[in-house]
Amino acid sequence: MSRRRLPPLSALRAFEAAARHESAKQAAEELSVTATAISHQIRALEDALGVPLFVRKPRQLELNMAGRELQQVLESAFDSIGAAVERLSAAPRRRAVTLSTTPAVAVRWLLSWVCLLRDSHPDIDLRIHASHEPVALDGVTADIAIRYGDGRWPGLVAEKLFDNTFIPACSPLLNLHDAAELPGHSLIHFRNQAAISSPIDWAIWQKKAQVPGLDVAAGLVFSDETHAVSAAVGAQGVALMSRQLIEDELREGRLVQPFGPELEGKPFFLVYPESRRNDPSIQAVREWILTVPGGLCSI
């Protein structure tokens, strides 16, 4: 594509304004310059084109044929540019917010409800960072997070979302009703090496349950919590799971809690930097999370 042969934009603007007002003085007022500057710009444009554009009369500028042709083209072009600028200025700016949480919370709790955020804030692009390891909420790695813990993180606002109660759970097909029957079934374990703190596991449960003959080291081991749930639903054994994350399976009867005891784990919290408490993007995602069914907080 060949380069456009165009005069300076400042000269074209000065000419278009003067032609529209038929006055250098009024054009100067519109463009916040002096009338002398307008005259110089028009003269420079005429020199560049090699043709006069006005019939100059006392206190009035009158377009000649060349000037009228150029004025019509410029008026249309500037109108198009102005309309495009107005559309772009009025369009909502897209905002990206990265939410960090565990894979199980993302898959089993949040993803089904992303539509609520999209409906209420279509200008926000949600990015989910799934990890068992807490990441920096520095606006680069992540902006906001759902973490389990004691709720004390320096520099962060922490709002409790829901408790984290661990229960034995299995398919009703196993026909399991008493803890004494547990040694006859496979245990399903969730172990993730990336997690900073270990979740409640079968060894901790056994210290409280004291089931004779139970080997807490044996069974199926998964590094992904959702896979452990799938194995339990598939009657592959008995899992020790967060009740809050398997509520759907319990309600629909795909999983049952055959016996106790129950163990209290660390609750889940919504956390974000204190310095961004009033950030509109953070508040939009916060409001969405607090309206997702299953949480224990209300806005």
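**Note on the predicted structure**

1. T98 is found in strand β3; here helices (H or I, at least four residues) and strands (E, at least two) are DSSP runs, numbered from the N terminus. The structure is a predicted model, in which local features need pLDDT of at least 70 and side-chain atom pairs count only at pLDDT 80 or more, while totals for chains, interfaces and linings use all residues. Residues are numbered from 1 along each chain as its sequence is written, and side-chain values use heavy atoms, with hydrogens and water left out.

2. The surroundings of T98 may be considered next. With a relative accessible area of 12%, T98 is buried; the term buried means under 20% relative accessible area, exposed means over 50%, and partly exposed lies in between (1.4 Å probe, protein chains only). Not counting residues up to four places away in sequence, T98 touches R127, H129, T141, A142, D143 and I144, where contact means heavy atoms within 4.5 Å.

3. Strand β3 is joined to β5 by two bridges, and the two strands run parallel. Two strands are taken to pair if DSSP finds at least two bridges between them. L99 stands opposite I144 in β5. On β12, β5 pairs in the antiparallel sense over four bridges, and Y148 stands opposite F268 in β12. Strand β5 is mostly covered, with four of its five residues buried.

4. Which residues have the most contacts inside the largest nonpolar core? They are W109, L110, I144, I146, L161, W288 and I289, in a core of 24 residues. A nonpolar core is a set of buried Ala, Val, Leu, Ile, Met, Phe, Trp, Tyr and Cys residues joined through side-chain atoms within 4.5 Å. Two or more residues of this core come from each of β3 (95–101), α5, β5 (144–148), β6 (156–162), β12 (268–273) and α10 (280–291). Helix α10 gives the most, with six residues.

5. I146 shows the packing within this region in detail. Leaving aside its neighbours within four places in sequence, I146 is in contact with L99, S100, T101, T102, V105, W109, L110, L161, F268, F269, L270 and I289. A second, separate core has 20 residues, including L12, A14, A28 and F54. In soluble globular proteins, nonpolar side chains tend to be buried together.

6. Helix α5 (residues 103–110) also holds V107. V107 is partly exposed, with a relative accessible area of 46%. V107 and N175 are 68 residues apart in sequence and 28 Å apart in space, C-alpha to C-alpha.

7. A further sheet deserves attention. Five strands form an open sheet with mixed pairing, in the order β9-β8-β10-β7-β11. Its edge strands, β9 (220–222) and β11 (263–264), each pair on one side only. Three bridges join β8 to β9, and these strands run parallel; F190 stands opposite F222 in β9.

8. How many cavities of 30 Å³ or more does a search of the whole structure find? The search finds one. On a 1 Å grid over the protein atoms alone, a cavity is a set of points where a 1.4 Å probe fits but cannot get out, and lining residues have an atom within 4 Å of a point. Grid points are joined across faces, edges and corners, and a volume is the space filled by probe spheres set on the points. About 110 Å³ of space lies in the largest cavity.

9. The lining of the largest cavity comprises 13 residues, of which H189, F190, I200, D201 and L240 lie nearest its centre. The elements giving two or more residues to this lining are β8 (187–190), α8 (225–233) and β10 (238–242). The largest share, three residues, comes from β8. By class, the lining has nine nonpolar, one polar and three charged residues; Ala, Val, Leu, Ile, Met, Phe, Trp, Tyr, Cys and Pro count as nonpolar, Asp, Glu, Lys and Arg as charged, and the others, Gly among them, as polar.

10. The peptide bond from G260 to P261 is cis, with omega near 0 degrees, and P261 is placed in the loop between α9 (247–252) and β11. E22 is not a glycine, yet has a positive phi of about 55 degrees; E22 is found in the loop between α1 (9–21) and α2 (24–31) and is partly exposed, at 33% relative accessible area. S32, also not a glycine, has a positive phi of about 60 degrees. S32 lies in the loop between α2 and α3 (35–49) and counts as exposed at 66% relative accessibility.

How values were computed: 1 Å grid on protein atoms, 1.4 Å probe; cavity = no way out; pocket = protein on both sides within 12 Å on 5 of 7 lines; lining within 4 Å.
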